[in-house]
Amino acid sequence: MGKVSISIYTFFKYSEHLGRKDFSESVLKDIRKGRNGYAGWKYKSWLKTSLDFINKRNTTNIKYPKIKNIDSECKKIINRELRKVKKFVNQDLFIYVFPINDDFIIRKMSGVSGMTINKDTIYLEIYPAKTWKKELANTTIHEITHLITGYHFNKPCLVGEALIHEGIAENFRESLLGGKEPFVEALSKEKAMKIFKEIKSLLNKRDTENIHNKIFFGTGKYPNWTGYSIGYYLVKRYLNKKFKSKNIDWNKLLREYPNQMLLEL
Ligand SMILES: [Zn+2]
């Protein structure tokens, strides 16, 4: 455990291609097939779809700022954060950092968004907004936590698991870096728990894209980020119950089955 290699690739030099037809093609030429496939995807065409998605979110007219040393600055921050959690990581990690020029990410997420692609690959998307460095640290820890817990990659994920999955990532991140992320504060604790009661019958249902988007991304009747808030408060409750929030055994907790946690709540 802990002896893992970490590869970080940055693609800021393609920021001026954002919003242009040649964005994905240009980046594609820069990514070779490796141990993690095509940047985490099995096929090159899937990677292309993923890059097209990043490019599609070029929703502002703001010119992407040129920041000297942004590549090395990013790597420095990511490596610094990874050192804090490396002892929990069992697999080699591949991290890809792309420029993004998305209005919502700039305004609501301090310019940084992240996602896990598979069990060893993370994408981070960055617009250097005012507090992007701090947010990069937060997002790095959040996403790495998903790779550490990992369970949702093995089988169809259930709605209840997805809630816990996000809740663990945010509570773990908070324990290391402090502060609260906007997607956690989207709902008050009371509101979050009220909606949790409403969606109880869904907990053992498969977390399909349709359901996930309704619970996590506001495409249905619940506000955007509802699932993140619910997950955060559920796991917080679990931590208070089990550890009185002190001396939390994260190594054990990060390996725990989310369904077991749900049962004990
Ligand atoms: Zn997450």
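Q: How does α3 pass α5, in a left-handed or a right-handed crossing?
A: In this predicted model, α3 passes α5 in a right-handed crossing.

Q: And at what angle do α3 and α5 pack?
A: About 45°, and the axes of α3 and α5 (residues 132-149) are 9 Å apart. That angle makes α3 oblique to α5.

Q: Which residues of α3 and α5 make the contact?
A: From α3 there are Cys74, Ile77, Ile78, Glu81, Leu82 and Val85. On the α5 side you'll find Lys133, Leu136, Ala137, Thr140, Ile141 and Ile144.

Q: How does the contact of α3 with α5 divide by class?
A: Nine of the residues are nonpolar, one is polar and two are charged.

Q: OK, on to α6 and α9. How far apart are their axes?
A: The axes of α6 (residues 159-177) and α9 are 7 Å apart, and the two helices pack at about 70°. An angle from 65 to 115 degrees counts as roughly perpendicular, so that is how α6 and α9 stand to each other.

Q: Which residues of α6 and α9 meet there?
A: α6 brings Ala162, Leu163, Ile164, Glu166, Gly167, Ile168, Glu170 and Asn171. They meet Gly227, Tyr228, Ile230, Gly231, Tyr232, Leu234, Val235, Lys236 and Leu239 of α9.

Q: What's the split by class for α6 with α9?
A: That contact has 10 nonpolar, four polar and three charged residues.

Q: Let's switch to the strands. How many residues of β2 are buried?
A: Seven of the seven, so β2 (residues 93-99) is largely enclosed by the rest of the structure.

Q: Which residues sit on which side of β2?
A: Leu93, Ile95, Val97 and Pro99 are on one side, with Phe94, Tyr96 and Phe98 on the other. All of these are buried, which leaves both faces of β2 covered. As a general point, side chains in a regular strand alternate between the two faces of the sheet.

Q: How do β1 and β2 run, parallel or antiparallel?
A: Parallel, with five bridges joining β1 (residues 6-10) to β2. Ile6 stands opposite Leu93 of β2.

Q: And how many bridges join β2 to β4?
A: Six, and β2 and β4 run parallel as well. In that pairing, Tyr96 stands opposite Tyr123 of β4.

Q: What about β3 and β4, parallel or antiparallel?
A: Antiparallel: six bridges join β3 to β4 (residues 121-126). The two strands form a hairpin, with two residues between them.

Q: Which residue of β4 is the bridge partner of Ser113?
A: Glu125 is the partner of Ser113.

Q: How many residues of β3 are buried?
A: Five of the seven in β3 (residues 112-118), so to speak a mostly covered strand.

Q: Now the backbone. What's the phi of Asn69?
A: About 65°, a positive value although Asn69 is not a glycine. In general, most residues other than glycine have a negative phi.

Q: Where is Asn69, and is the residue buried or exposed?
A: Asn69 is in the loop between α2 (44-56) and α3 (70-85). Asn69 is exposed, because the count of other C-beta atoms within 10 Å is 9 and 12 or fewer counts as exposed.

Q: What about Trp225, what's the phi there?
A: Near 75°, which is again positive in a residue other than glycine. Trp225 lies in the loop between α8 (209-216) and α9 (226-243).

Q: Why does Trp225 count as buried?
A: Because 22 other C-beta atoms lie within 10 Å of Trp225, and 20 or more counts as buried.

Key. Residues numbered from 1 in each chain as written. Predicted model: local features only at pLDDT ≥ 70, side-chain atom pairs only at ≥ 80, totals over all residues. Helix = DSSP H or I, 4+ residues; strand = E, 2+ residues; numbered from the N terminus. Pairing = 2+ DSSP bridges. Axes fitted to C-alpha atoms, helices over the stretch in contact; angles between N-to-C directions. Parallel < 35°, antiparallel > 145°, perpendicular 65-115°, else oblique. Left-handed = near helix turned anticlockwise from the far one by under 90°. Contact = placed C-beta atoms within 7 Å. Nonpolar A, V, L, I, M, F, W, Y, C, P; charged D, E, K, R; others polar.
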